[in-house]
Amino acid sequence: MNSENFSLSEKIVSTAYVRQGSQARRGHEHLIRQLLEQGKCPEEGWSESTVELFLSELAVMDSNNFLGNCGVGEREGRVASSLVARRHYRLIHGIGRSGDIAAIQPKAAGSSLLNKLTNSVVLDILKLSGVRSVASCFVVPMATGMSLTLCFLTLRHRRPKARYIVWPRIDQKSCFKAMITAGFEPAVVENVLEGDELRTDLEAVERKIEELGAENILCVHSTTSCFAPRVPDRLEELAAVCAKHNIPHIVNNAYGVQSSKCMHLIQQGARVGRIDAFVQSLDKNFMVPVGGAIIAGFDESFIQEISQMYPGRASASPSLDVLITLLTLGASGYKKLLSERKEIYLFLAQELKSLASAHGERLLHTPHNPISLAMSLDGLQAESDKAVTQLGSMLFTRQVSGARVIPLGKEQTISGHKFRGFMSHCEAYPCPYLNAASAVGIAREDVTLCIKRLDKCLKTLKKEGNAAKSSSPAVFITNADVTDYSLLCEGVSLCEDTRCIQMLLGCI
């Protein structure tokens, strides 16, 4: 209510009580005023009531919520389900206009304000996370892969003769398909093995540029966040190479915002060389539903050019989700999550190292990867050819999500391109291994329970291996114990008799 309505309320309820309510209202309004004035993430998180009041104030600014609105157009923010309307806080018009995702929507002042504020708050968080000199960013309602595609398509207008994208190999399908979808040919550069780590082969990148010709290369497409034993690309050196040859540089920073090391690499790369844009996922870094990403860069005009390439209006849901999240956490809350993630990374490394030692394995030495870890599975491979893939199935059916088991020699064809040793980021990594990651939001309990279940699975497989050597018994898994048949290794039979898998169930 405004001041006039509060004054009128004093005729109905005690003046003292109304003034107390008015003061409480001003407390909410003060927080909202600070956000509008500064455009930064508040240091302390807001209460749900403040967030809901703010969203309600924005919603009533949109034409679909006007009390006397008479809509006669084809797109009037009409929603058939009240449940859907409430889910979106009645912010129905989305963001942008038909020709520009960043443009103000005349029918939706509230949704437009939401969009501008979200981009401003997210920019503040990127600076807080380590990329101090970032100039501009915007939230796009697409996940990382399609957002990379949008960047490549924008560069096409600047480099119309270019056919190739130089890409230090990382075995993740979406970033590869992003280049194919944009109509370019990936020039894959294999990584070099240094100790246990797979690192950028800078000499091979230079050779590839000389071979293809700089004028025929759209950009270098590098990566920060990745699965160990691959580590972040040498961004500073790649940025210098790009500056030297006048080649654009796009960075896939999918879940790198949560890592100060990844963000530092981007900052340093922009300082010593060239980084045109870097793309990061909303869900991985800010714990919101899948469906959004942030495209950011150091040249405001180029980031604006990318936003103008997006055809049509866009969903406001990703912007709404991340704004609600950051207002609720506040800068201090988000920094606390980042600090906790680092602590649990050290805890996970310690626990994996102890477990590996107990089973005759080792934690691979990958100090340049700040998020992901890998444990060798040499002993398991020696027990049985199928034991490595079976471990992955066992962990999945025991509700250990996110752990990746990488066998030797897997081949995968993506859009006509064959990758040998797929998922291990090189053609022939020296050993099979298991991945685990400490990502934002992880808890110590997650690590403890994962290690416990992994330990039991490894013991079970070892016991089975010893039994197989003496009697070669069949291994059975019940239908009820399998949630995804495609994860089962070859040679594993299905059996309705649950007594056949009592030993496996002991891993739960």
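Serine 98 is in contact (heavy atoms within 4.5 Å) with Pro311, Gly312 and Arg313, leaving aside its neighbours within four places in sequence. The model is predicted: local features need pLDDT of at least 70, side-chain atom pairs count only at pLDDT 80 or more, and totals for chains, interfaces and linings use all residues. Residues are numbered from 1 along each chain as its sequence is written, and side-chain values use heavy atoms, with hydrogens and water left out.

**Annotated site**

- The UniProt annotation "binding site", from an unreviewed entry, covers Arg97, Ser98, Gln105 and Arg313. These residues span 217 residues in sequence, yet no two of their C-alpha atoms are more than 9.5 Å apart, so they gather at one spot.
- UniProt annotations may be inferred rather than shown by experiment.

**Serine 98 and arginine 313**

- Serine 98 lies in the loop between α4 (82-87) and α5 (109-128).
- Serine 98 is exposed, with a relative accessible area of 51%, whereas arginine 313 is partly exposed at 34% (buried is under 20%, exposed over 50%, partly exposed in between, with a 1.4 Å probe and protein chains only).
- Arginine 313, in the loop between α12 and α13 (317-358), touches Arg75, Ile95, Gly96, Arg97, Ser98 and Gln105, not counting residues up to four places away in sequence.

**Helices α6 and α12**

- The axes of α6 (residues 144-158) and α12 (residues 300-309) come within 9 Å and cross at roughly 110°. That makes α6 roughly perpendicular to α12 (65 to 115 degrees).
- Among the α6 residues that meet α12 are Leu150, Leu153 and His157, and the α12 side includes Phe302 and Ile306.

Terms used:
Axes are lines fitted to C-alpha atoms, for helices over the stretch in contact, and angles run from 0 to 180 degrees between N-to-C directions. Helices (H or I, at least four residues) and strands (E, at least two) are DSSP runs, numbered from the N terminus. Angles under 35 degrees count as roughly parallel, over 145 as roughly antiparallel, 65 to 115 as roughly perpendicular and the rest as oblique.
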